[in-house]
Amino acid sequence: MKIKVLLLLFFLIVPQLSFSDNIIGQLKKITIIDSGPDNIDEVILSSENYFAILLEKKEFEPVKIQLEMWFSETLKEYPDTFALFFYNNITPFPTEDISSYSGDLVKYIVLPKKSKHFIDIYFKHNPTRNEIIPGTDYITPKEFKNSSFPLLIAMLPVMKGIPDKLLDETIKIKISPFFSENGTLAINVFEKSNSSSDNSLNKITEYKLYIDNNIYENSDNLVLPTGIRKVRIEKEGYITFEESIILKSNEKNNLNAYLTRELPYVVIQAPPEAEIFIDGALYKQREFSNLKIGEHTFVFKLGEYSISRKIKLEKSKRYLVDLLLDIDIKEY
């Protein structure tokens, strides 16, 4: 009689835990990445040294950072002995007076047997085949679990029992950030009075924004291609605002747009003691930016002297109303 044996397999499921690594050594340099043109830096590393890369302006996070490394002849004799270890989520924040940190290991790359080697660190996108230089190592955005910056990069041995002479060997690293060909633009829109004596400004939040004849909804932090961009802002009842602005790569640009109402603007020149009536109402002011479009009756009174005039006001036009009082002399 055959006996069937039923085997029950039990799998122990252990949740994968993530632990931060302790990073102890000498911080050789802090490289600050910003949007400036001269943003290339260099550092010299030996075993158990590290350097930090900080980001000054988050809105200008580079597309990638390239590490270009040069190895000594001695290191070339001992390939696969050292590696660069890349850490993020660093605590505390890197400063030159602290020599011990904790961080999450992103990746380590063993240093090859070469005179020069490249490592590209991508932040915005995964590199395509055309972007990858043959023989170059790279790190992709997927390998950064949470945050990218600050980065801590350490040179550590990956083999035991290495010769003492290797501990003093150094590698030279050039740090070069690469930015996208974009700039940012923040637009603020204000209402400006037609009157030259009124300098008050009121912020406008609802309007139509066109850039190069394309409509945009958000004007707080627009990312646009570099070059000359034509900005147009429209709002019903206001004069259309148009202006061209030059956007440079990785620069934050601000544009203040001032809209004036399409109402006519009237200035009256008359003696100080003259009384001014518009459509039957007495006014003391001499400048008007709130009169409606259409026909109005202006009456001027100076003592017993009175004169009236009907004026048809059109939108956005400026009018100067000058009350001339002549002295008529006759001989008899």
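This report walks through a few local features of a predicted model.

## A buried arginine

Let's start with Arg229, which sits in strand E17, the stretch covering residues 227-234. Is Arg229 buried or exposed? Its relative accessibility is 15%, and because the cut-off for buried is under 20%, Arg229 counts as buried.

So what does the side chain of Arg229 touch? One partner is Asp212: the two side chains make a polar contact at 2.5 Å. Another is Thr226, but here the backbone takes part, with the backbone oxygen of Thr226 lying 2.9 Å from a polar atom of the Arg229 side chain. If you skip the neighbours within four places in sequence, Arg229 is in contact with Ile211, Asp212, Leu224, Glu243, Ser244, Ile245 and Leu247.

## Two cis prolines

Now for some peptide bonds to look up in the structure. Going from Thr91 to Pro92, the peptide bond is cis, and omega is near -10 degrees. Where is Pro92? You'll find Pro92 in the loop that links strand E6 (82-91) and strand E7 (100-110).

A cis peptide bond also joins Phe149 and Pro150, with omega at about -5 degrees. Pro150 belongs to a loop too, the one between strand E9 (137-139) and strand E10 (151-157).

## Positive phi without glycine

Next up are backbone angles. Asp80 is not a glycine, yet its phi is positive, at about 60 degrees. Look for Asp80 in the loop between helix H1 (73-77) and E6. With a relative accessibility of 44%, Asp80 counts as partly exposed.

Which strand holds Asn89? Asn89 is in strand E6, and this residue, also something other than glycine, has a positive phi near 50 degrees. Asn89 counts as partly exposed as well, at 23% relative accessibility.

Which residues make the nonpolar surface patch of about 330 Å²? Tyr108, Val110, Val158 and Met159 do.

One of these patch members, Val158, is found in the loop between E10 and strand E11 (171-178). Val158 has a relative accessible area of 34%, which makes it partly exposed.

Note on methods: Residues numbered from 1 in each chain as written. Predicted model: local features only at pLDDT ≥ 70, side-chain atom pairs only at ≥ 80, totals over all residues. Heavy atoms only, no water. Helix = DSSP H or I, 4+ residues; strand = E, 2+ residues; numbered from the N terminus. Buried < 20%, exposed > 50% of the residue type's maximum accessible area, 1.4 Å probe, protein only. Polar contact = N/O pair within 3.5 Å; in protein donor to acceptor, adjacent residues only side chain to side chain. Contact = heavy atoms within 4.5 Å. Patch = residues over 30% accessible without salt bridge, like charges linked within 9 Å, V, L, I, M, F, W, Y side chains within 5 Å. Areas by Shrake-Rupley, 256 points an atom, 1.4 Å probe, with all protein chains shown as cover. Salt bridge = Lys/Arg side-chain N within 4 Å of Asp/Glu carboxyl O.
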